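Please look over the ligand site before we meet. My points follow, numbered.

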Amino acid sequence: MKLTGFELRRISMPLVSPFRTSFGTETTRDVLLVRAVSTEAEGWGECVAMSGPLYSSEYVDAAADVLRRFFVPALASVDSAVGVGPALSRFHGHRMAKAAVETAVLDAELRAENRPLARELGAVRDRVPCGVSVGIMDSIGELLDAVGGYLEQGYVRIKLKIQPGWDVEPVRAVREQFGDILLQVDANTAYTLSDARHLARLDPFDLLLIEQPLDEEDVLGHADLAQQISTPVCLDESITSARAAAAAIRLRACAIVNIKPGRVGGYLEARRIHDVCVANDIPVWCGGMLETGIGRAANVALAALPGCTLPGDTSASDRYFRTDITVPFTLDNGHLPVPTSGGIGIEPLEAELAAVTTSTEWLPL
Ligand SMILES: CSCC[C@@H](NC(=O)CCC(=O)O)C(=O)O
Ligand SMILES: [Mg+2]
């Protein structure tokens, strides 16, 4: 496959409702899509970086800049997805930008040979159970209405965003109102080890996990916290690679891992993290970054891997967007179907993509 160039396409996707976490509130996604053009096929990748460096150090303008000035020029002699990582290995970090361009090349390569991404990754399911992430709300009542609505839609697992001052009470209220539903929480690094006794107050609520309670660099702190609470600790922001996953598991810093291909540099590394976790009997699940149907399609393929034994944040398109840029993913009895055609198995709809496009840039090789 001969690559001829890449398009950087910026789109603005308004959210159906504000999504509040411990690090801020999202109302519109400023998304960077990457289109790989080769002599045989085209492919798409979605960069999951947010508008500001609040989830991690990456942000979307920086991703566009590093792709334009460093990553795309470095791919001139690359002719397959497995060559992208090595060609970019001399550049530090910017894993979300690396993931977007690697996925675009992978999609093009697999489409050219009509090979579905799910089969390539080793999927063992043709549909995946879906969880949903629920933001911090202004009141317990508003939270209970939102959770009730998602349960009615069929979501099989509820994840609550928490932060100091919004944790035990919301969890208690959801447990009291909805009984023994699958329930977990995500702190996005909002606590410190000195909060251990407070976080132990979540133990009676039989949560599936508590996600990333401490700073992403405090792996030892998570190991200490895991000794002081009974809720299983799940890591998200800390797990940037298979190597980081192996170290965190060896240090007993996590009992569960949230895999996000954008966070770790792409689907090939995501598969490697999956394999490290499976080898250590650590359950994994596919996390989300409010992806459009492009990223969502590839995430659903990952969620179909054998080690993904917990429902992921692979919600339907309408969880975040009134109109997706692809044929929308719709929940069917709490599940999403795994795409079966070549590559990621979906492509942007021309009119819908044009309607949200804010800029496009062609980078020839
Ligand atoms: C804007 S918050 C994005 C990161 C967050 N993602 C979610 O909560 C799931 C979002 C989704 O459903 O895609 C996480 O830390 O897991
Ligand atoms: Mg998380």
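1. In this predicted model, a polar side-chain atom of Lys260 lies 3.0 Å from an oxygen atom of ligand 1. Polar contacts here are pairs of N or O atoms within 3.5 Å.

2. The protein covers 100% of the 440 Å² of accessible area that ligand 1 has on its own (Shrake-Rupley method, 1.4 Å probe).

3. For Ser133 the distance is 2.8 Å. For Asp186 it is 3.0 Å.

4. The shell around ligand 1 counts 19 residues, each with a heavy atom within 4 Å. Among the closest are Lys159, Asn188 and Tyr320. By class, seven are nonpolar, four polar and eight charged.

5. Domain 1 (3-114 + 348-364) and domain 2 (119-337) each give the shell at least three residues. The bounds come from an automatic or database domain assignment.

6. On numbering: residues run from 1 along each chain as written, chains are lettered from A and ligands numbered from 1 in written order. Local features need pLDDT of at least 70, side-chain atom pairs 80 or more, totals use all residues, and side-chain values use heavy atoms, without hydrogens or water.

Conventions: A polar contact is a pair of N or O atoms within 3.5 Å; within protein, one must be able to donate a hydrogen and the other to accept it, and residues adjacent in sequence count only if both atoms are side-chain atoms. Ala, Val, Leu, Ile, Met, Phe, Trp, Tyr, Cys and Pro count as nonpolar, Asp, Glu, Lys and Arg as charged, and the others, Gly among them, as polar.
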